[in-house]
Amino acid sequence: MPLLINAYSTLASPPPPAFLAQPPARRDRSDPELVPHLQGFVGYVMSTVEDGMDARTFGVLRHLQRVQTQFSFEVDERDFDALAAWGEAANVLCFLPDGSVRDAAGNVLASRGEPPVEADAALPYPSDARERKRRSEAELQQLGAAPPAHLPPVLGAGEVRLREADETMRRMLALCAVAVRAESLSSQPLSVEEIRAKLGPGVAALSPAERAFIAADKPDEETWANQGWRYESAALLQWALGLSDALPAPTAICDAGRVARVAIDHADEAAIAGARLRPLPELLDALDAIYRRHWLVRQARLDDKPAPIGLHPSVVYERHYALNWLLRFDEQDWDEVGTPT
């Protein structure tokens, strides 16, 4: 008897399940009903948790939040091996009529008790993401630091919905606008009009929180300090846009004066229209590297120890924040970007 499978791929362009006699039902993020469906699915998986969230269930939830394509089809038992091979290539999790969430090989990752979760069930990750994780770990081990092996890979190239280059340029300019304003507050405060004269497109692109900060005569000290660190986020985006040649180790603060000058030199519509981002693999390499370094920084703080291998905690945080925005982590707007590790 054929088995109904709902398969959830994190890839924007997954390979079709060619082993099927009939084309499957398929929908992607262009279907307005997919995201609400996924939100309901997340709620279902949450309902299977009884004794606290574990890493496996959290991994299932993160997969569902990144799903870009859903397939629905019936498969015969004779095609289970083909299903497993396709599912690995398409980076899918499967939902079965018995209420279980399974990997492509059929092993149970989540259920409401029956069938039981299986120890050898494996969360799917694209092969390029797994290889990127391996390289990052090897680099850190050579430097004398070792994040835990259980930290997952970051996104694979086929999972990314990258920001546009012109949007990234405007965001970089906005970050410089608030950083310049924060810096000026300690000596000769610059008005919004003075900043607009140099960084007009950046002022126009301010987020709600940034707009409130830049307009405040006396912002609170925490907000002031936080916005002052945005030079580091801006420096990261300048690198991503090819406006700086190299991304140095996150062990020292950037040259804020240079970052500001580069921004001012590119604060016009012609420069914005001509913006180009670095190749996606370079951006993903940077994300994986900073993700694991951010874990090291946070663990050192929990252990009441200095950050290892000379890492600067604020520089690490700002880079992680900017890269998560650029690569659309959870589709969050700038003011809400998360940096979980």
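**Pocket lining.** I looked up which helix gives most to the lining of the largest pocket: H2 has the largest share, 8 residues. Helices here are DSSP runs of H or I with at least four residues, strands are runs of E with at least two, and both are numbered from the N terminus. The model is a predicted one, where local features need pLDDT of at least 70, side-chain atom pairs count only at pLDDT 80 or more, and totals for chains, interfaces and linings use all residues. Residue numbers run from 1 along each chain as its sequence is written, and side-chain values use heavy atoms, with hydrogens and water left out.

I noted that 35 residues line the largest pocket, and that Phe58, Arg62, Arg66, Pro152 and Phe329 lie nearest its centre. At least two lining residues come from each of helix H1 (34-47), helix H2 (55-66), H12 and H13. By type I have 19 nonpolar, 7 polar and 9 charged residues in the lining.

The volume of the largest pocket is about 910 Å³. A pocket is an open set of points on a 1 Å grid over the protein atoms alone, where a 1.4 Å probe fits, with protein on both sides within 12 Å along at least five of seven lines; lining residues have an atom within 4 Å of a point. Grid points are joined across faces, edges and corners, and the volume is the space filled by probe spheres set on the points.

**Threonine 10.** I found threonine 10 in the loop between strand S1 (3-9) and strand S2 (25-28). Its relative accessible area is 0%, so threonine 10 is buried (buried is under 20% relative accessible area, exposed over 50%, partly exposed in between, with a 1.4 Å probe and protein chains only). Its side chain makes a polar contact of 2.8 Å with that of asparagine 91 and one of 2.5 Å with that of glutamate 159. A polar contact is a pair of N or O atoms within 3.5 Å; within protein, one must be able to donate a hydrogen and the other to accept it, and residues adjacent in sequence count only if both atoms are side-chain atoms. Leaving out residues up to four places away in sequence, I list among the residues that threonine 10 touches His63, Arg66 and Gly158 (contact is heavy atoms within 4.5 Å).

**Helix H9.** I checked residues 230-240 and found 11 of 11 buried. The cover of H9 includes helix H5 (165-184), helix H8 (221-228), helix H10 (256-265), helix H12 (280-302) and helix H13 (313-326). Glycine 242 follows H9 and has a positive phi, near 75 degrees.

**Glutamate 221.** I placed glutamate 221 in helix H8. It is exposed, because its relative accessible area is 65%. From glutamate 221 to aspartate 103 I have 118 residues in sequence and 49 Å in space, C-alpha to C-alpha.

**Sheet.** I traced an open sheet of 6 strands in the order S2-S3-S1-S4-S5-S6, paired antiparallel. S2 and strand S6 (108-110) are the edge strands, each pairing on one side only. Pairing requires at least two DSSP bridges between two strands.

**Whole protein.** I counted 13 helices and 6 strands. Of the 341 residues, 48% are buried.

How values were computed:
Ala, Val, Leu, Ile, Met, Phe, Trp, Tyr, Cys and Pro count as nonpolar, Asp, Glu, Lys and Arg as charged, and the others, Gly among them, as polar.
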